[in-house]
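Subject: Handover of a structure

Dear colleague,

Please find the structure below, together with its sequence.

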Amino acid sequence: MNLADLLTYADIGQLNRIANHYECSTNTHSKHELIQSILVTLGNSSFVEEVVHELPEGQLSFLNALLFDGRVNYSIEELTALAKQAMEPKGERPATYFRDIVVQFTKRGWLFNGSTQQTKYLYRVPQDLKTKFVGVIRSKFIQLAEVVSEPSVYREEHHLMFEDMKLLIKFTDQYEIPLNQEGFMYKRTQQQLLDFLHVKEPLVGKAGWRFGYGRSYKEYPDRLALLYDYATHQRYIAENNGILAITDEGTQVFEKSSDEELMQIFRYWLRLYKGAIPSLASVVYWIGECAKEWVTVSSLLESMGEIIHPFYYDTNEAVLKQRILQMMMHLGMVRIGEHEEKGQVVRMTPWGSRLTVTCNAVQYTSR
């Protein structure tokens, strides 16, 4: 439902709260005049842009989460939880703080409760306002993205993720692969497998922490961990009595199209990393919007750093560079280069632009 529809169903008390928030001068006893005044105010694109740009710290993250969340209706508890996850996932502020943020969004006319007996305790964002917010945030991020010339050297992996998944399955079929007591390949086997693949990675060392990015991330390098977790999730390979073996489903992978399978790996990655990076789908979408040309990674961090939170020992810079951009490169979605003057730079590939369409906020929230 659009803003005009939801305003029509709203009671005069909420209409007055919204009008007071925006200091609309109108007859507070006339529902029709209140609605018209609010529609004129929120219909002004430059005004909405100013309001979004002036949001208190953290609230842009909550607005962004609302745009990319797949639900249409929310209970007050769900909204409070979403606000906390988006603004302060590892913080200790009480739920009342985030509930107050939700109340502020209702006073702005960004959240409305339903009009029927079944929906009167549920809230939703007007669909046309979602579209407007997406446009405002897009403009904000694109303006901050620093466009540069093409670097002399850059790296791109095309569809090698799919090729290496087939090699992982082929390796599993050709060799007997013993697993340790925790169900992982021994280091020697890991090295043999990595030598077998197109993209090489160093083995995981003993020092440091590794959790939050999938089951096998603890023991395997980042890219291999994603490949392995995906292959076991899809039952292409299986761990049977301490031995890794190919399955009947695994033998059929060689007949699949690379585009279809890479799309599935991409969607699996979004789900796998979402626990550590709740804003992942939105960040991938905004990178797609900002990096149609070569842009500096530092400017991406500056523009969207507020919606990227640290994860334990990973700073938000490490999350952007290592967990998001690096994996997007492995998925063939971006090229990453080193600019002589501006440092690390990135640009979407045509394939990456196709994939990010699936993260479109308006599509995401209109289901």
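His158 lies in the loop between strand S3 and helix H9 (160–174); helices (H or I, at least four residues) and strands (E, at least two) are DSSP runs, numbered from the N terminus. Although His158 is not a glycine, it has a positive phi of about 50°. At 48% relative accessibility, His158 counts as partly exposed; buried means under 20% relative accessible area, exposed over 50%, and partly exposed in between, with a 1.4 Å probe and protein chains only.

Please note that this is a predicted model, in which local features need pLDDT of at least 70 and side-chain atom pairs count only at pLDDT 80 or more, while totals for chains, interfaces and linings use all residues. Residues are numbered from 1 along each chain as its sequence is written, and side-chain values use heavy atoms, with hydrogens and water left out.

A positive phi is also found at Glu23, again not a glycine, with a value of about 55°. Glu23 is placed in the loop between helix H2 (12–21) and helix H3 (31–42), and its relative accessibility of 72% makes it exposed. As background, most residues other than glycine have a negative phi.

Turning to the sheets, S3 belongs to an open sheet of 4 strands in the order S3-S8-S9-S7, with antiparallel pairing; two strands pair if DSSP finds at least two bridges between them. Strand S3 (154–155) and strand S7 (295–296) are at the edges with a single partner strand each, so one side of each has no neighbour in the sheet. S3 is joined to strand S8 (residues 334–339) by 2 bridges, and the two run antiparallel. Tyr154 has Gly337 in S8 as its bridge partner.

Another open sheet has 3 strands in the order S4-S6-S5, and its pairing is antiparallel. Here strand S4 (177–178) and S5 take the edge positions, each with a single partner strand, so one side of each is left without a neighbour in the sheet. Helix H9 packs on this sheet and touches S4, S5 and S6, its direction making about 115° with that of S6; contact means heavy atoms within 4.5 Å. Helix H11 (residues 222–233) also packs on the sheet, where it touches S5 and S6, and its direction makes about 85° with that of S5.

Within this sheet, strand S5 (residues 237–240) and strand S6 (residues 243–246) run antiparallel and are joined by 4 bridges. Ile237 stands opposite Ile246 in S6, and Asn240 stands opposite Ile243 in S6. S5 and S6 form a hairpin with 2 residues between them, and Asn241 in the turn has a positive phi of about 50°.

There is also a helix pair to report. Helix H13 (residues 258–274) packs against helix H14 (residues 280–290) at an angle of about 130°, with the axes 9 Å apart; axes are lines fitted to C-alpha atoms, for helices over the stretch in contact, and angles run from 0 to 180 degrees between N-to-C directions. H13 is therefore oblique to H14, given that angles under 35 degrees count as roughly parallel, over 145 as roughly antiparallel, 65 to 115 as roughly perpendicular and the rest as oblique. Phe266, Trp269, Leu270 and Tyr273 in H13 meet Leu280, Ala281 and Val284 in H14.

Finally, a search of the whole structure finds 0 disulfides, a disulfide being a pair of cysteine sulfur atoms within 2.5 Å. Cys24 is buried at 16% relative accessibility, and Cys290 is buried at 8%.

With kind regards
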